Amino acid sequence: MARVSRVGKALALPFPTTVNIMKIKYLAAVVISLAGLGFTQRADAILEMTYNNGSNSSSANLFGTVIPGTQSGGQVDRDVLMTNQLVSMTLGQQGTFTVNGDSGLYSRSFNNFGSPPAAIPTGAQFATGILDGTTPVTVNLGTGFTYLVAAYDGPNGSVAVFNVAGLTGSVDLYRYAKRDGLTGNLIGSNSAAQGFFKMTGWTLLNPTGAVPDGGTTVMLLGAALGGLGMARRFLKI
């Protein structure tokens, strides 16, 4: 009588010959949705420059504005100085300050970014020679930065500082901007018009590697694990 090996017995055991295709589809959809959470967020819309909309509310990601902005020194150094003046101010504070020998109206936005770090020149990236055009100026954030400084025209223009910590990919800036009186607000445009000044350059400060803060990481991880748990219960897998 032939002996049946252990392998043969294992192969003789009942084995499912069909797969529930619908469950696989649902599971794939859940996995894709969770992947979409990511650990960073992307700013797809153009960055606005309203310091105060009349209700003590500022444009998303706006850290503050400077009118007309510091002109002395190299681009990175002066952008660091202006950003740090805004860092030293309280939410919504507005006032005239002299920075590096130049006086300007500084307006700290009402956006709460926690305890923003001091700006430093180390690792900064910048661009100059922005040309005339009718499209936004696109800035690649690379591996991530904390601040993005956009300067318009120089002595007749203005400066917008954004907090871009946690953003990935590229962001768009207005190619032209003008002052909205002495409100601290800047109005952007992608075409030249009366009163609008062209961007002279932008600067990215404080490389971050696009790593979110611990609280954000824990929150997103919890949401992902919770979603997987619900999917397992629903699909009985």
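# Close-up views of the structure

**View 1. Val137 counts as buried, at 7% relative accessibility.** Here, buried means under 20% relative accessible area, exposed means over 50%, and partly exposed is in between (1.4 Å probe, protein chains only). This is a predicted model, in which local features need pLDDT of at least 70 and side-chain atom pairs count only at pLDDT 80 or more, while totals for chains, interfaces and linings use all residues. Residues are numbered from 1 along each chain as its sequence is written, and side-chain values use heavy atoms, with hydrogens and water left out. You will find Val137 in strand E5; strands (E, at least two residues) and helices (H or I, at least four) are DSSP runs, numbered from the N terminus. Setting aside neighbours within four places in sequence, Val137 is in contact with several residues, including Ile130, Leu173, Met199 and Trp202; contact means heavy atoms within 4.5 Å.

**View 2. Strand E5 (residues 137–140) has one covered face and one uncovered face.** Which residues sit on each side? Val137 and Val139 make up the covered face, and Thr138 and Asn140 the uncovered one. In a regular strand, side chains alternate between the two faces of the sheet. E5 pairs with strand E8 (residues 170–173) in the antiparallel sense, over four bridges; two strands pair if DSSP finds at least two bridges between them. Look for Val139 and its bridge partner in E8, Val171.

**View 3. Strands E9 (residues 176–179) and E10 pair in the antiparallel sense over four bridges.** Within this pairing, Lys178 has Ile187 in E10 as its bridge partner. The two strands form a hairpin with six residues between them, and Gly181 in the turn has a positive phi of about 60 degrees. E9 also pairs with E11, again in the antiparallel sense, over two bridges. There, Tyr176 has Lys198 in E11 as its bridge partner.

**View 4. Asn190 lies in the loop between strand E10 (186–189) and strand E11 (197–207).** Is Asn190 buried or exposed? Its relative accessible area is 18%, so Asn190 is buried. A polar atom of the Asn190 side chain lies 3.3 Å from the backbone nitrogen of Arg175. Not counting residues up to four places away in sequence, Asn190 touches a set of residues, among them Ile46, Thr134, Pro136 and Tyr174.

**View 5. Ala160 is buried, with a relative accessible area of 0%.** Its place is in strand E7 (residues 158–163). Around Ala160, leaving out neighbours within four places in sequence, the contacts are Met49, Leu62, Gly64, Leu148, Val149, Ala150 and Leu186. Ser107 is 53 residues from Ala160 along the chain, and their C-alpha atoms are separated by 9.7 Å.

**View 6. Arg108 lies in strand E3 (residues 102–108).** Beyond neighbours within four places in sequence, Arg108 is in contact with residues including Tyr51, Phe63, Leu86, Met89 and Pro116.

**View 7. Tyr51 and Phe110 form an aromatic pair that is stacked.** Rings of Phe, Tyr and Trp (its six-membered ring) pair if their centres lie within 6.5 Å; planes under 30 degrees apart count as stacked, over 60 as edge-to-face and the rest as tilted. By this rule, the count is four aromatic pairs. For Tyr51 and Phe110, the ring centres are 5.5 Å apart and the planes are at 25 degrees, so the pair is stacked. Tyr51 lies in the loop between helix H2 (21–37) and strand E1 (62–67), and Phe110 in the loop between E3 and strand E4 (125–128), so the pair ties together parts 59 residues apart in sequence. Tyr51 is buried, at 4% relative accessible area, whereas Phe110 is partly exposed, at 25%. Phe63, Phe113 and Tyr147 form one aromatic cluster.

**View 8. The end C-alpha atoms of helix H3 (residues 75–87) are 18 Å apart.** Why does this agree with expectation? At 1.5 Å a residue, the 13 residues of H3 should span 18 Å, so the two values agree; the expected span is 1.5 Å times one less than the number of residues. Buried residues of H3 include Val76, Val80, Met82 and Leu86.

Technical notes. A polar contact is a pair of N or O atoms within 3.5 Å; within protein, one must be able to donate a hydrogen and the other to accept it, and residues adjacent in sequence count only if both atoms are side-chain atoms.
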